[in-house]
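Reader: I'd like to go through the helix packing here and check the labels against their cut-offs. Can you put the structure up?

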Amino acid sequence: MYESFFGLHTKPFDLLPNPDFLYQSKSHKRAMTYLDYGIKARSGFILITGEIGSGKTTIIRDLIKKKLPNVVLSKVFNTKVSSEQLIALINDDFGLPTQDRDKITLLRELNDFLIDQFAQSRQPVLIIDEAQNLSPELLEEVRMLSNLETDQAKLLQIILVGQPELKKVLTSPELLQLRQRININCHIQPLTLEETEQYILHRLERAGDRHAAEFSPDALALIHAQSRGVPRLINIICDFFMLSMFAAEVRTIDGEMAREIVTELDFAQQFWDTEEGSSVRDHGESATTNPGQDNQAEAQRTKVKLTTLLKDMNQRIEVLERLAARDTESITLDLVARMDRLEATVRGALPEPDGAASSRNADAASASALRAPSLAPPEPVQDDGAKASPESEAVAAPAKGFFRRFFDR
């Protein structure tokens with residue numbers, strides 16, 4: 001809708017897991033390196049986890065797109081299945097017939113296929129996405145598939161990809177053997193504030209123009225705070241920002257405009273409170289019913305989110321401190337000048353009543369005497385040898401006005 005206005009050939013912040021738009025943050029790059037190494041080294045199980053919308057599926061699609069030499073892939077994205085259906089999905093993606101086959105036949109044909117691929121120096125790899133939905137029983141079935149092996153090597157390499165709840169499922173006592181077979185384990189962390197800015201520029205560049213839209217530092221900080229560094233949520237916010245800029249016919253978004261849009265979206269309620277509370281309902285059922293494991297996983301998620309928020313707060317405080325250091329001195333000097341002018345105006349406009357001057361001088365002398373140290377210096381002597389009177393001292397050094405005394409406190 002707004003692509004032509006910004007001079008772009010496609011939407012920069014689409015929600016599809018398009019590997020062409022994959023931004024390799026430090027965490028994403030590490031996950032991709034682990035995957036590449038694990039496949040080349042023919043490691044056992046590989047476990048990749050990350051929060052919802054962190055880019056796990058995009059990484060998997062990038063792996064599929066690479067078409068690694070001598071690697072034969074089977075991808076399973078629907079994990080709400082029975083044991084027999086899971087084997088059928090695996091066989092079907094390997095190109096094996098599945099119609100009118102029972103589970104025993106499916107397993108025998110899969111084993112024959114894997115042996116044939118090994119004889120041709122090919123490497124079958126099974127990728128299971130959304131693996132947190134698999135029950136412990138199905139995960140044990142997957143482990144049994146890894147028992148298909150020769151004396152020299154495993155016939156099937158398995159990559160499990162899922163949300164942090166997958167680790168919670170794997171803590172079940174009955175999955176001890178599976179846990180011990182996981183050679184590579186990587187968790188995709190949220191983007192930092194700097195990575196969030198580079199992520200936005202990267203997607204704009206892939207869409208046609210890196211400088212098509214300008215996001216102010218305040219807007220970038222707000223995007224990071226609201227999305228908590230999750231790429232999918234960054235896309236949602238930026239898409240609304242681009243649409244709002246298009247409606248206002250501007251190419252720059254500042255902090256005020258960004259805050260107004262986020263307030264209208266009610267972002268925290270729609271994409272965090274509700275999402276976290278219903279993540280289990282969205283997938284139909286919970287992966288586990290162990291209260292102790294639930295509390296442990298929730299504590300881990302809370303720790304990650306608090307760490308991200310603290311980093312964001314520190315960055316914001318640093319910005320505010322730099323702004324305050326620049327402006328405080330000029331503001332202070334301006335206030336002092338204004339109070340001096342106000343005090344002079346008040347003194348000039350209001351005549352002193354009889355006795356006010358002598359009373360004020362007496363007060364000043366008394367205050368001076370109270371502030372004097374116990375060992376007072378010699379009293380000043382006038383030219384004729386007489387001691388200076390308190391009144392003459394008060395006249396020579398008049399007391400500070402109200403505003404000055406108040407400011408100097």
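Author: Helices α10 and α11 are oblique to each other. Before you ask how I know: this is a predicted model, where local features need pLDDT of at least 70, side-chain atom pairs count only at pLDDT 80 or more, and totals for chains, interfaces and linings use all residues. Residues are numbered from 1 along each chain as its sequence is written, and side-chain values use heavy atoms, with hydrogens and water left out.

Reader: Why are α10 and α11 called oblique?

Author: Their axes cross at roughly 140° and come within 9 Å, with α10 covering residues 217–227 and α11 residues 231–248. Angles under 35 degrees count as roughly parallel, over 145 as roughly antiparallel, 65 to 115 as roughly perpendicular and the rest as oblique. The angles run from 0 to 180 degrees between N-to-C directions, and the axes are lines fitted to C-alpha atoms, for helices over the stretch in contact. So roughly 140° falls in "the rest", and oblique it is.

Reader: Which residues make the contact?

Author: On α10 they are I223, Q226 and S227; on α11, L233, I234, I237, C238 and F241. Contact means heavy atoms within 4.5 Å.

Reader: How do the residues of that contact divide by class?

Author: There are 6 nonpolar, 2 polar and no charged residues. Ala, Val, Leu, Ile, Met, Phe, Trp, Tyr, Cys and Pro count as nonpolar, Asp, Glu, Lys and Arg as charged, and the others, Gly among them, as polar.

Reader: What sits just after α10?

Author: R228, which takes a positive phi of about 55°.

Reader: Now α2 and α3: why is α2 called oblique to α3?

Author: The axes of α2 (residues 26–40) and α3 (residues 56–66) cross at roughly 45° and come within 11 Å. That makes α2 oblique to α3.

Reader: Which residues meet there?

Author: H28, A31, M32, L35 and I39 in α2 meet I59, I60, D62, L63 and K66 in α3. By class, that contact has 7 nonpolar, 1 polar and 2 charged residues.

Key:
Helices (H or I, at least four residues) and strands (E, at least two) are DSSP runs, numbered from the N terminus.
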